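Welcome, and thanks for taking a look at this one with me. Please open the structure and keep it beside you while you read.

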Amino acid sequence: MTILIIGGSGFLGAELARQAAVAGHGTAATFATRPGRSADVTWHALDLRDPERVEAVVAEAAPRLVVNATSGGSDWAVTAEGPVRLAMAAAKYGCRLVHVSSDAVFSGARVRYDESCLPDPVTPYGAAKAAAETGIRFACPDAVIARTSLIIGDRGSTHVRAVHDLVAGTRDGVLFTDDIRCPVHVADLAAALLELACGEASGIHHLAGADAVSRHELGSLIAKRDGLDASRLPAGLRANSALPGALDVRLDCRATQRKLHTTLRGARQFLALGP
C-alpha cells in the first residue's frame, strides 16, 4: 500500500514518512522548497496553490492513502484552498484522505472542545483551517479531519526551538502563563494519524496530549528535559498583550482515544522521559 504524505519535509510530515516507511508501506511525500532526507521515500515537488500540480502528484504517486500534514500559516491559498484542491484530487482518484487541522479553529470561549463542537475561529489562521475543514467535508465526505494542538519533539519543533532561543537570549518575547493548550508528541501524533488512516474512521477526530499546560509551563518542561536553565524563560500574560487568539483551548480527545491503540501522552509525561 502506498501512502502519500503532503508536507513530508516538515516536522510532522517527516515523522509520518519515517513511520510509514518503517511499517513497510510504499511511501511518497511532497516538499515545497527541498526534499527530506529519507532515501526510503519518493519525493515530489508540490505547491498547493497549483491545482494542476496537485492533481498531477496524486495521479503520479497513485496512493491508496493521502495524509495532509502541511502548515501554511495564515496564507489562505495554502491553508484554506490547498487542502480542498487535494480533497478533490483524492476523491477523483479514489484515495483515502486524512487532513491535519488545528485547535486554532476554536475561540476558547468554552475551553473544552470535543469533536461535536463547531469551529468559531478568532484568527486568520484559525479561519483558514476552519474553511479547509468545511471544503474537505464537502469534496471528500469520507475523509478524516484530525484536529491537534502544539506539536513537540526535538528542536525541529518550532516550540522547542523557541525555548532554546529564549534561554540563550537570541529571541525576544515571553511565554504566556494564561495561554493553555494540550501539547502532543510528534511520534504519538504521527502514529495516531497513521492508525486512523489505515482503519475505517471518517469525520472529525481530536488528537492532542492528555495534559493541559500553559505555554510557560511547557517551556519549563522542555528546558528541564534539555538541561537548560528554566529560570531564564520570561513569563507574561497573553491577556495583557495585543496578540490575537484564544487563551484556553483544550481538545477533548476521549472519544478518539477509545478507538486507538496509540496512547496520546501528556506533556508532563513525555517531556519527563527525555528527547
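Predicted model: local features only at pLDDT ≥ 70, side-chain atom pairs only at ≥ 80, totals over all residues.

1. Residue numbers start from 1 along each chain, following the sequence as written.

2. Let's begin with the sheet. It is open, has seven strands and pairs in parallel, and its order reads β3-β2-β1-β4-β5-β7-β12. Which strands stand at the edges? They are β3 (41-45) and β12 (203-207). Each has a single partner strand, so one side of each is left without a neighbour in the sheet. Going from one strand to the next, the twist averages 20°.

3. Strand β7 (residues 144-148) runs parallel to β12, and five bridges join the two. To find your place there, look for valine 144, which stands opposite glycine 203 in β12.

4. Two helices can now be placed on the sheet. Helix α3 packs on it and touches β1 (2-6), β4 (65-68) and β5 (96-102). The direction of α3 makes about 165° with that of β5. Helix α4 (residues 124-139) also packs on the sheet, where it touches β5, β7 and β12. Between the directions of α4 and β5 the angle is about 160°.

5. Next come the helix pairs. Two packed helices are described by the angle between their axes and the distance between the axes. For helix α2 (residues 51-61) and helix α3 (residues 76-93), the axes come within 9 Å and cross at roughly 40°. That angle makes α2 oblique to α3, and their crossing is right-handed. On the α2 side, the contact is made by Pro51, Val54, Glu55, Val58 and Ala59. From α3 come Arg85, Leu86, Ala89, Lys92 and Tyr93. Sorted by class, the residues of this contact are seven nonpolar, three charged and no polar.

6. Helix α1 and helix α6 (residues 186-197) form another pair, with axes that come within 9 Å and cross at roughly 60°. The two are therefore oblique to each other. Is the crossing of α1 and α6 left-handed or right-handed? It is right-handed. Helix α1 brings Phe11, Leu12, Glu15, Leu16, Gln19 and Ala20 to the contact. Helix α6 brings Val186, Ala187, Leu189, Ala190, Ala191, Leu193 and Leu194. By class, the contact of α1 with α6 has eleven nonpolar residues, one polar and one charged.

7. Helix α5 (residues 158-168) packs with helix α7 (residues 215-225) at an angle of about 75°, and their axes are 10 Å apart. This makes α5 roughly perpendicular to α7, because angles of 65 to 115 degrees count as such. The α5 residues in the contact are His159, Val160 and Val163. Their partners in α7 are Arg215, Gly219, Ile222, Ala223 and Arg225. Here the classes come out as four nonpolar, two polar and two charged residues.

8. Finally, the charged pairs. How many salt bridges does a search of the whole structure find? It finds 16.

Terms used:
Heavy atoms only, no water. Axes fitted to C-alpha atoms, helices over the stretch in contact; angles between N-to-C directions. Helix = DSSP H or I, 4+ residues; strand = E, 2+ residues; numbered from the N terminus. Parallel < 35°, antiparallel > 145°, perpendicular 65-115°, else oblique. Left-handed = near helix turned anticlockwise from the far one by under 90°. Contact = heavy atoms within 4.5 Å. Nonpolar A, V, L, I, M, F, W, Y, C, P; charged D, E, K, R; others polar. Pairing = 2+ DSSP bridges. Salt bridge = Lys/Arg side-chain N within 4 Å of Asp/Glu carboxyl O.
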